[in-house]
Amino acid sequence: MLLAQITDLHIKAPGKRAYADVDTAAHLAAAVAHLNALDPRPRLVVASGDLVDTGAPEEYAHLRSLLAPLEIPVALLPGNHDDRAGLRAAFPEHDYLAAGGPYLHYARDLGPIRLVCLDTLREDSHWGALDEPRAAWLEATLAEAPDRPTVVVAHHPPFRTGMAMHDENRLIGRERFAGILRANPQVALLLTGHLHRSMAVPWAGVTALCLSSVAHQALLDLRPGAELAIRMEPPACLLLDWDPTEGFVTHFSPIGAFDGPLAIFDKDGNLID
């Protein structure tokens, strides 16, 4: 089974760019084309937050039109740039968005595996939180299927990144989060976004991954006190391949025009010199 993740779309109103220069709509259109061209295709695409840039209705309308050509079902999750009511209003047919009461979190069984999408949006803040009501929901939801291989998705990473500003403002409630994951060994992966960089971290007994944005990336600057800046590195999606014998394999799939495929062997099976 193949699943996909995209994150940090930051869609603006039509004709507007993020940070004056980033055409996020064009980047999302390229990501949709990339996903549609995959063979085999993923069963589901998870869009893990910061779907739009300010939470305005016209941004969600634009997001909806940009996602319309996607030929794979998509599951939506809010990030700190999103508005819960606006997201629900723009995608009324996504009835799972009402499953978490005031929060937009939900669980989905996908054949033999389970996907648990956790709302970590903290109103009026760039940074995320897992307060007690949401922690209790996560705990109860994981307890429903203790033997099913599970992937948890959240917008905000709880782990150390080495990037000063992010580490100074890590997810509130991360200790509780870690305890829940450790108590649920069926959770194999934690997928996140928010940082606009790809990285992998062993955290709370699981493999925790952060995925690059489908648009602009954060400058990798590990100096103490470094401020955030944008760098136009290649965007990517994550492909999650599950096998019943060996579990999950993840691939970071760059989005863009690249040379290749180039042959390695000639027609006689010899390595090309």
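Let's start inside: Ala-204 has a relative accessibility of 7%, so it counts as buried, the cut-off being under 20%. Keep in mind that what you're looking at is a predicted model. You'll find Ala-204 in the loop between β8 (199-203) and β9 (206-210). Most residues other than glycine have a negative phi, and most peptide bonds are trans.

Look for Asp-50 in the loop between β2 and α2 (57-67). With a relative accessibility of 1%, Asp-50 counts as buried because that value is under 20%.

Now for the peptide bonds. Going from Asp-39 to Pro-40, the bond is cis, with omega near 5°. Pro-40 sits in the loop between α1 (24-36) and β2 (44-48). Gly-260 and Pro-261 are also joined by a cis peptide bond, with omega about 5°, and Pro-261 belongs to the segment after β13.

Step back and take in the whole chain. There are six helices and 13 strands. The radius of gyration is 19 Å, close to the 19 Å the globule rule gives for 273 residues, so the chain is as compact as a globular protein of that length. Its C-alpha trace spans about 65 × 50 × 45 Å along the principal axes. Of the contacts with a separation of 6 or more, 66% are between residues 24 or more positions apart.

What about the interior? Of the 273 residues, 55% count as buried. The largest nonpolar core holds 54 residues, and Ile-6, Leu-28, Leu-35, Leu-63 and Leu-76 touch the most other members. Strand β12 (residues 236-243) gives the most to this core, with six residues. A separate core of 27 residues includes Leu-138, Phe-159, Phe-177 and Ala-208. As for Leu-76, setting aside neighbours within four places in sequence, its contacts include Leu-51, Phe-91, His-94 and Tyr-106.

The accessible surface comes to about 12500 Å², and 54% of it belongs to carbon and sulfur atoms. The chain carries 22 positive and 35 negative side chains, with the centres of the two sets 3 Å apart. Is Leu-271 buried or exposed? At 59% relative accessibility, Leu-271 counts as exposed, because the cut-off is over 50%. Leu-271 lies in the segment after β13 (247-254) and touches Ile-264 and Phe-265, not counting residues up to four places away in sequence.

How values were computed: Residues are numbered from 1 along each chain as its sequence is written. This is a predicted model: local features need pLDDT of at least 70, side-chain atom pairs count only at pLDDT 80 or more; totals for chains, interfaces and linings use all residues. Side-chain values use heavy atoms; hydrogens and water are left out. Helices (H or I, at least four residues) and strands (E, at least two) are DSSP runs, numbered from the N terminus. The radius of gyration is taken over C-alpha atoms; the globule rule is 2.2 Å times the number of residues to the power 0.38. Buried means under 20% relative accessible area, exposed over 50%, partly exposed in between (1.4 Å probe, protein chains only). Contact means heavy atoms within 4.5 Å. Accessible areas come from the Shrake-Rupley method with a 1.4 Å probe; for residues, only the protein chains shown count as cover. Lys and Arg count as positive and Asp and Glu as negative; His and the chain ends are not counted. The place of a charge is taken as NZ of Lys, CZ of Arg, CG of Asp or CD of Glu. A nonpolar core is a set of buried Ala, Val, Leu, Ile, Met, Phe, Trp, Tyr and Cys residues joined through side-chain atoms within 4.5 Å.
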